[in-house]
Amino acid sequence: MDTSRVDAQTVELMLRITGQNLSQKDITPLLIFLANLVTVLLGVIFVDGTVAESEKQRLLAILYRFSLPESDLRRVTHLMIKGIKEHQVHQQINDLLTIASPLSNSERLLLISFGYEISTVDGEMDSREKKYLQIFAQKLDINPQHLVVVESVFTHNTDVEITAVNEVSFLLNPSRFQNLDTIFVKEAGNILKILPVKPEHKTTKQPQNINYKKLKSLQSYHQQLNNYFYQILQIIEECQKQEFLPQTLIEEASEVSQKLQSHQFRLAVIGEFSQGKSTLLNTLLGEEIQPVREIPCSGTVTVLKYGTQKRVICRYKDGRQEEISCDQYQLKATISEDAAIGCLSDELGHSEIAEIVFEHPGLELCSSGVEIIDSPGLNEHPDRTAITQRLLKDTDAAIFLTNASRSFTQGERDLLLDIKTQLNDGQENEPANNLFVVGNFIDLVRSDKGREQVKQRIERFVLGENPIVTGHNRVHLISAQATLDAILQGSENEYLQSFQNFTQSLEEFLTLESGRVKIKHSANQVNRIIQKFVDSLSQAEKTLDGKIKLSDSEKQDILERIGEASGRDIKIRMLVSNLTELVYDKATKYSDDWRKELDNKMANKSKSWYSEHNPVFSRDKLIKDYTNQFIRDLSKEIDDWANQILKDKIFKTVFSYLDAKVAYELDAIQGDFKRLDQQVNTSFSERINLSITGIKDDFMGLGSIGGGLGIGGALAAGLVVFTGIGFIAVVVASVAAAIAGSLGLGMLDLDGVRNQIKLKVCDIGFKKLNESRDEFDKKLKEIITTVLNNRIESASKIIEQAIALYENLLEQQEKAHEATLEQREAEKQLIFHKRQELEKVQNDLEVLLSQCSV
């Protein structure tokens, strides 16, 4: 709908129709369409001079689809009926043209279909009604052949041109109506379902899948790496039984093995409702797995992954999980139609499901080593911050899906910025290398010029002055449905080719930019385990040869070193406990100051809140928009406070102090090891260095253990605790009740009403925030505790390994002392054979890694 065509003449006509003093910005797309709809419906039922009771009932039934009972919009609808009858707008050509001028061709075709629906309410169409609709359609420049197709839907005439049916299908594609209310999407979809002729592409070809050769090849390399390490793990386990190795080495090796076995690329698909995410997933997978309908559908996070058999696991927020049938999956994975048309936020907030895991053996992409995370639509989700943070945790790449036939909504712009920050571990100023922005429904843009303009518009935002994404081929235009049709029919079309270009870009990123890094990282982990293993075998061999022999005093010294190392770990943990209380006290003082300023900050932010809804005609939707913007801005304020105060001001100082203390204790242990190495010919200091190197490799340096803390996002997600179940509905009801006495349909100062609603939303929001103070403080303490404990986790592991090295040396000394010569020789032979086995696996591993790097 082209609202720029709403001029002074349109406003004056709407004033006459409704009896309300409206400004140009009060004339919303829904209001314009309703005025046109009332006009055409009244024109049909009055043209034959009689109004049947069935026509009255159908008139109200059609109009009531667009509003809720007792809503302001329902009351405005009745005012329109009265005003259009009184001014006979349905008979005035100039009025018809004025009120219909903003409508698109698709909207005009949908409008005329309602006229045909009411004209056939008695089973037959009166000739005068048919003539009126033809004249009306002619004035609206509706193609006569399209009119025949729409008429045939209700008269069941099958004598229509297939070309015209295809054109009507194109114009009434539900995706064209997503800028309007969800009911338009539903109604357009309903008409498409009953078109007289549906074009069928008859083919005897088998469905074709998109091939992911590079991913499969990389997956094969990783599987071979896993197999080689499994052989190493078996050798380690056999040697550990002979006490050749410290216990921590087998634990560390098992942890690496588990990571290798669970290796998957994680691909998140994110976007607002009704952008075609489910269809995109089905197209990526080459099978109709995800439930699809025209109106919003996906209601929960769904994980699609490879499994040896088809099964569905439902995981609940309280920790329960159960295996469910595929039919149950279709139900649990979707929101109800009523919620899709009404208040999405409430049903989403009430959901008890954390995620649904769908395992399938035959999905090409998943069997190539990719795990797909499908998000619910996030534009109206009350837990958007928490969900995006959870979705993007350990994600290799994210796909953001938008509607190519229209501009980005403000919600999409905000969501894209949020995704970019999450992918960059909280860094707001850096573009994301692993974010793909995909414009769907490009088939709705027919001209090459139009498609080029769409691409330029998207690239201007995501690659412009402050880029959101970086990297080669990160923006793509597709038609998921047209591609899926081609795949399932085994045919070729232009959309399949453009989709293959997209998947090729995605595959190249996962394999070349992300996959090889993962392989290299895994190989480094494996090599560190091997080096520690070799060092441990050498120590065991030297002990058996008598080259490492401890005196009683040296044994006693080692026992004392074990006690000291254990004491150092306790000292670090006690320090963290004290620092946790200190940080919490500081944070609560800062939060008190922050709260004092928050009212004014949010009041200023509320001045920029925007909604296309009218405070008289669609007040509930206006309140809902303002409430969502309150939640968004409050989350941003919490996020900023957490990053600027908690992270940059408090944690930065505390980390510097804590890291210095931890480094001091680790240096002391390393100094003890160096002295022991010199005394008894061990290599403990080198083995501890391997552990520290591994930590640096995993966390980008020992000084940044914890890497991207994500404190801001975690805090915002956790502290806006009151925005969950039913919060938006509560605010809508509370605000509506609070201002009910001061609002009326004839109220003149609509801007004043908007400001009043904004103030009420802020008042109620702050009241809920204050009521949640205990939850706020509890979550704050929990985050501080987690962050500080994570900070020292690696240091504790190093100390644990140090103690295990000491203990293993004492065990080997005791065992060698008690063993006979024959037993020692047998163990040396065993070490020799295990070293040979290890060398063979190492050689195979080096060949594999050289092939992978080619």
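Of the 854 residues in the protein chain, 54% are buried, meaning under 20% relative accessible area with a 1.4 Å probe, counting protein chains only. This is a predicted model, where local features need pLDDT of at least 70, side-chain atom pairs count only at pLDDT 80 or more, and totals for chains, interfaces and linings use all residues. Residues are numbered from 1 along each chain as its sequence is written, and side-chain values use heavy atoms, leaving out hydrogens and water.

The chain has 30 helices and nine strands; these are DSSP runs, H or I of at least four residues for helices and E of at least two for strands, numbered from the N terminus.

Now the sheet. Nine strands form an open, mixed sheet in the order β4-β3-β5-β2-β6-β1-β7-β8-β9, where pairing requires that DSSP finds at least two bridges between two strands. From one strand to the next, the twist averages 20°. Strand β8, residues 435–440, pairs with β9 in the parallel sense over three bridges, and V437 stands opposite V475 in β9. Helix α20, residues 448–462, packs on the sheet and touches β7 (397–403), β8 and β9. Contact here is heavy atoms within 4.5 Å. The direction of α20 makes about 155° with that of β9; axes are lines fitted to C-alpha atoms, for helices over the stretch in contact, and angles run from 0 to 180 degrees between N-to-C directions.

Last, I803, in helix α29, residues 773–818. I803 is buried, at 16% relative accessible area. Setting aside neighbours within four places in sequence, I803 contacts I562, A565 and S566. I803 and S566 are 237 residues apart in sequence, yet 7.6 Å apart in space, C-alpha to C-alpha.

Terms used:
Buried means under 20% relative accessible area, exposed over 50%, partly exposed in between (1.4 Å probe, protein chains only).
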